[in-house]
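Thanks for coming. I will walk through a few parts of one structure, starting with a pair of helices. Please have the sequence and the model in view.

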Amino acid sequence: MGGVPQGSRDGGNPLRQLSLDQLRRRTSHKWREYPDDVLPLFVAEMDVPLAEPVARAITAAVALGDTGYVVGEAFPRALAEFARTRWGWDELAVDRTVLMPDVMHGVVEAVRLVTGPGDAVVVNCPVYPPFYTFVAHAGRRILEAPLGADLRLDLDRLRDVFRQARAGGRAAAYLLCSPHNPTGTLHTADELAAVAELAGRYGVRVVADEIHAPVVARDARFVPYLSVPGTEDGLSLMSASKGWNLAALRGALALAGPAAAADLARVPFEVSESTSHLGVIAQTAAYRDGGPWLDALLSGLDDNRRLLAELLAEHLPAIRYRPGQATYLAWLDCRALGLGDDPAAVFLDRGRVALNPGPTFGTGGAGHVRLNLATAPEIVTEAVRRMAAAVT
Ligand SMILES: Cc1ncc(COP(=O)(O)O)c(C=O)c1O
């Protein structure tokens, strides 16, 4: 394949620093699920080297044999400082945070705190597939409140589904994905205030999964759910995992608004104690010292969103792509191509490019694919070339 990055440095853009040969030596899910003739743009891993401050912190810990159990508040303090400088939120209360092994286990714990077995958890489909499987595993029932045609929250639908969720006086939770995976939708302060108002009115408890919060367009700003008035009984999950590609170094924080502090205090020690000390070292370094690296990444992602839109307009104009303002994921509406419910199967089979199948994201996912933009522009270009070749 011509034109792929050869490990050259490009103005510090982390997406341009590894060659395809280097990436293929990786042993993670993204690079081992498919044979070498497949270009993988599916699972949410980034094709970047580890940010230097994170690599230094981890290397130092390994050199010292600092691989015991986790303790201390360095992680929430680093996040609080990051929240202050990045999002202008200076009220992240360190004493209302609890360590979680990772975000999805944090989501499950949070949902367990505010609902009972068989209660409803509302999600905005299409949405990150593990929302369905983890919630089911926790013995709760999913209720779908689809996004609107503009891929934004549909507050009228949400109100109807909240009513349904609370039928018979049962407890209910709303698992808000903010920013939204797979569409990249960045919720505004007004939308979040409206969510809080509805949740308060119907007695639905909000659990915000904010794992993608650091990954927004350079000209956009993420609004933390708990920074919005009316969210006092809300819960949130945050992690540096997506922003700095730390899935292997697991770690997350659960955050509570003031009126949810007593709920958060019920998280059993066994859960937070399961968090990896090395993971927490990585998370702390990322939030504390990883800002410049993140900025370089975000510029690269802005370029890739623009590039993908141009490439699709030129080579696959039937695909509808509405670039979001957040995440490194692109949600492609392929229905006009006439490839059936699962176009990803066609792109894999005929084009040798791996994307996430839309139907796994719930109602509204049929005829769509999710493409991972956190890679070199040359790889994005080659992926679109292969997709176009697959349908001509
Ligand atoms: C919205 C969302 N939540 C959670 C996760 C996974 O987080 P973790 O690996 O910390 O469980 C992802 C991964 O892509 C995600 O997109």
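On the H12 side, the residues involved are Asp303, Asn304, Leu307, Leu308, Leu311, Leu312 and His315, and they meet Pro377, Val380, Thr381, Val384 and Ala388 of H14. Sorted by class, this contact has eight nonpolar, three polar and one charged residues. Keep in mind throughout that this is a predicted model.

How do the two helices lie against each other? Helix H12 covers residues 291-315 and helix H14 covers residues 377-390; their axes come within 10 Å and cross at roughly 25°. Angles under 35 degrees count as roughly parallel, so H12 and H14 are roughly parallel to each other. The crossing of H12 past H14 is right-handed.

Next, the open sheet. Seven strands make it up, in the order S2-S8-S7-S6-S5-S3-S4, and the pairing is mixed. Which strands stand at the edges? They are S2, residues 97-100, and S4, residues 141-144; each has a single partner strand, so one side of each is left without a neighbour in the sheet. On average, neighbouring strands here are turned by 25° against each other, direction ignored.

Inside that sheet, strand S7 (residues 235-238) and strand S8 (residues 252-256) run antiparallel and are joined by four bridges.

Now to strand S10, residues 329-333. Is S10 mostly covered or mostly open? Mostly covered: four of its five residues are buried. With strand S13, residues 368-372, S10 pairs over five bridges. Leucine 332 has valine 369 in S13 as its bridge partner.

Setting aside neighbours within four places in sequence, tryptophan 31 is in contact with Leu23, Arg24, Arg26 and Pro40. Leucine 41 is ten residues away along the chain from tryptophan 31, and their C-alpha atoms are separated by 9.6 Å.

That is the tour; questions are welcome.

How values were computed: Residues are numbered from 1 along each chain as its sequence is written. This is a predicted model: local features need pLDDT of at least 70, side-chain atom pairs count only at pLDDT 80 or more; totals for chains, interfaces and linings use all residues. Two residues are in contact if their C-beta atoms, placed from the backbone, lie within 7 Å. A residue is buried if 20 or more other C-beta atoms lie within 10 Å of its own, exposed if 12 or fewer, and partly exposed in between; C-beta atoms are placed from the backbone. Two strands pair if DSSP finds at least two bridges between them. Axes are lines fitted to C-alpha atoms, for helices over the stretch in contact, and angles run from 0 to 180 degrees between N-to-C directions. Angles under 35 degrees count as roughly parallel, over 145 as roughly antiparallel, 65 to 115 as roughly perpendicular and the rest as oblique. A crossing is left-handed if the near helix is turned anticlockwise from the far one by less than a right angle, and right-handed if clockwise. Ala, Val, Leu, Ile, Met, Phe, Trp, Tyr, Cys and Pro count as nonpolar, Asp, Glu, Lys and Arg as charged, and the others, Gly among them, as polar.
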